[in-house]
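This briefing sets out selected features of the structure shown below, grouped by topic. Please read it alongside the sequence and the coordinates.

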Amino acid sequence: MIENKDKWWSYAGHIVMIILSIVAIAPFLLLLMSSFTDEATALKNGYSFFPEKFSLNAYHYISSQWEMIGKGYLITIIVTVVGTVVGVIISAMLAYTLSKHDLPGRNLLMFLLTFTMLFNGGLTSSYIVYTQIFHIKDTILGLLLPGLLMNAYNVVMFKNYFEHSIPNALLESARIDGATELNIFAKISMPLSLPMFVTVGLTTALMYWNDWTNGMYYLSTNSSIQSIQTILNNINENIKFLQQNNVGNMVSTGDMPSATIRMAIAVVGVVPMLGLFPIFQRWFVKGATAGAVKE
Amino acid sequence: MRATTDMKLSGVRKKNKIKWKSYIPLYLMALPALIYVFINNYMPLYGMQIAFRELDFSGSIFSGKFVWFDNFKFLFTTKDAMIMTRNTVLYNLLFIVVGTIFSVFVAILFNEILSKRLAKFYQSAVLIPFFISMVVVSYLGFAFLSSENGFINNSILKPLGIDPVSWYTEPKYWPYIILFVHTWKGMGYSLLFITVRIITISKDYYEAAKIDGATKWQQIFYITLPFLKPVIVLMTILSIGRIFYSDFGLFYQLPMSSGALYDVTTTIDTYSFRALMNLGDITMSTATGVYQSIVGFVLILVTNYVTRKFSKEDSLF
């Protein structure tokens, strides 16, 4: 039984959401159309949703640079996969330990973990420690380690899940049968909390995939291990440099990608993420819904 | 009698020993993460001492003379300290107020949509910006705002006969641009966050209200909003606890580091970064970080205290 008034509310919802959907998607369309625009047209008419003249020149240029971009993707994929797998496993193992309430020293460990959520030394202190003590500058560890590998929030999420969703009797009976803790973790706790592993894993993967700050802090601009986001950021930095030195549009050739090539590189940078988006989005919504129901 | 006590005691001792040993695998499992936390979160606390030392270009980084609070004194005599603090706090307040009102408004209307298939489509569409890095966002921004090639100047202002605007050098537009992009990037997430909570409200309340003749407005004001209140208050408190921290990417990437915009785009995070990377002033950069950490810490303690009063289970500790 749908009343007339409910329909009007539904229409209002449609209108607002259609506007927001357009606002959300339009910039990506502009990016895409700009990358297919003829360079001269782009300079004359600006970036446009309906360019006068199309051209594949930007992509021709990119395919000639394929080595750099392909390598960027390879680095991104390696860092994302290694960081996510290692990060999720060590977080979950710590959480498993912390979910055992009679563990001696558990409160101390919990405090040490919680404290990291409240206080930090700041980015510069981290930078000093990582570069002066561990010397990870210009190594792949510079992309992997600082900040991203694991955090206290993920550990707490795992811990809560282990505590509330896995029956203690199950773990105890496995212990009585002589299973080792690592075995119990891998054979019982892990399979039973798969949704949590996927949720945390996807969030971590997203952070690694999109990260450009570590590349900016820990890689020199001519480093050979630039991830795709670092490449995008470096192009940005070059343009900023030229603009700040008032040479702006006078120098559009050379190593600075011209108007349309820039946009094409950004398209290449964002397409895989948009391709993976349906998977990300589904799990993301699932995770959020599970979180709300739990409360 | 004595013998039995001894036996009992040694039994207990033996049992304790075995028990303690049985925990070793658990400690070992925790070890990798603990080592990482030590390196990533605790060693930087040791690095904080740079903020209290003189900048020493010759020796190692930890060899500068201790000057205690001189760096902070210098920092707070510059007008930068005021500007970055003002920007960080005011932008966050703006985000909290506008963001909350906007997302509750949108979420309530979103939940009135009768076609679930279309609703799903909208939800996916508005979530897309959330998954994109700030570097890409700055490219998108440039496509719209570039003074020579930008969409706004060429395709909107020109046909209307309005003079082109040099967006990247005009500070007055940037608070709006930053608010817009922040809302644009976060709307899908906040919509999801609130929607999943509206869904958990039992339909019985609405049915009962309808039978009593309540209008939609009344249902929103007397059922939906009161149900959302706890989570809104909690989110606000958490955001206030983070008010000294800014989204570095938003303030660094989007304005393309345009010097003309520093007054309205410098936050504590971007200032600290520029002091380190552009000026090479490690002590000033660390001092800024220490200032942020300490004020941030106090704010989190205060807001956590308030949260405890408000709802014990939602407080952090």
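Leu45(B) is found in helix 1 (residues 2-47) of chain B, where helices (H or I, at least four residues) and strands (E, at least two) are DSSP runs numbered from the N terminus. The model is predicted, so local features need pLDDT of at least 70 and side-chain atom pairs count only at pLDDT 80 or more, while totals for chains, interfaces and linings use all residues. Residues are numbered from 1 along each chain as its sequence is written, chains are lettered from A and ligands numbered from 1 in the order in which they are written, and side-chain values use heavy atoms, with hydrogens and water left out.

**Leu45(B) and its surroundings**

- Leu45(B) counts as partly exposed, at 25% relative accessibility; buried means under 20% relative accessible area, exposed over 50%, and partly exposed in between (1.4 Å probe, protein chains only).
- Apart from neighbours within four places in sequence, Leu45(B) is in contact with Phe115(A), Phe119(A), Asn120(A) and Gly121(A), contact meaning heavy atoms within 4.5 Å.
- Although 245 residues separate Leu45(B) from Val290(B) in sequence, their C-alpha atoms are 9.4 Å apart in space.

**Other features of chain B**

- Thr303(B) has its place in helix 13 (residues 282-310) of chain B and is buried, with a relative accessible area of 11%.
- Leaving out neighbours within four places in sequence, the contacts of Thr303(B) are Ile237(B), Ile240(B) and Gly241(B).
- Helix 12 (residues 268-277) of chain B is mostly covered, with 9 of its 10 residues buried.
- The buried residues of helix 12 of chain B are Ile268(B), Asp269(B), Thr270(B), Tyr271(B), Ser272(B), Phe273(B), Arg274(B), Ala275(B) and Leu276(B).

**Overall form of chain A**

- Chain A has 14 helices and 0 strands, and its elements accordingly run α-α-α-α-α-α-α-α-α-α-α-α-α-α from the N terminus on.
- The radius of gyration of chain A is 25 Å, whereas a compact globule of 295 residues would have a value near 19 Å; the radius is taken over C-alpha atoms, and the globule rule is 2.2 Å times the number of residues to the power 0.38.
- The C-alpha trace of chain A spans about 75 × 70 × 35 Å along its principal axes.
- Of the 295 residues of chain A, 53% count as buried.
- Among contacts in chain A with a separation of 6 or more, 70% involve residues 24 or more positions apart.

**Helix packing in chain A**

- Two packed helices are described by the angle between their axes and the distance between the axes.
- Helix 8 (residues 152-165) of chain A and helix 11 (residues 194-210) of chain A cross at roughly 175°, and their axes come within 10 Å; axes are lines fitted to C-alpha atoms, for helices over the stretch in contact, and angles run from 0 to 180 degrees between N-to-C directions.
- Helix 8 of chain A is therefore roughly antiparallel to helix 11 of chain A, given that angles under 35 degrees count as roughly parallel, over 145 as roughly antiparallel, 65 to 115 as roughly perpendicular and the rest as oblique.
- In this pairing, Asn154(A), Met157(A), Phe158(A), Tyr161(A) and Phe162(A) of helix 8 of chain A meet Pro195(A), Met196(A), Phe197(A), Val200(A) and Thr204(A) of helix 11 of chain A.
- The contact of helix 8 of chain A with helix 11 of chain A comprises 8 nonpolar, 2 polar and no charged residues; Ala, Val, Leu, Ile, Met, Phe, Trp, Tyr, Cys and Pro count as nonpolar, Asp, Glu, Lys and Arg as charged, and the others, Gly among them, as polar.
- Asn154(A) is buried, with a relative accessible area of 11%, and is in contact with Val200(A) and Thr204(A) when neighbours within four places in sequence are left aside.
- Helix 9 (residues 168-176) of chain A packs against helix 10 (residues 181-192) of chain A at an angle of about 150°, the axes being 10 Å apart, and the two helices are therefore roughly antiparallel to each other.
- Helix 9 of chain A contributes Leu170(A), Leu171(A), Ala174(A) and Arg175(A) to the contact, and helix 10 of chain A contributes Glu181(A), Ile184(A), Ile188(A), Ser189(A) and Leu192(A).
- The residues of the contact between helix 9 and helix 10 of chain A divide into 6 nonpolar, 1 polar and 2 charged.

**Positive phi values in chain A**

- Most residues other than glycine have a negative phi.
- His135(A), in the loop between helix 6 (123-133) and helix 7 (141-144) of chain A, has a positive phi near 50° and counts as exposed at 56% relative accessibility.
- Asp138(A), which lies in the loop between helix 6 and helix 7 of chain A, has a positive phi of about 60° and counts as partly exposed at 34% relative accessibility.
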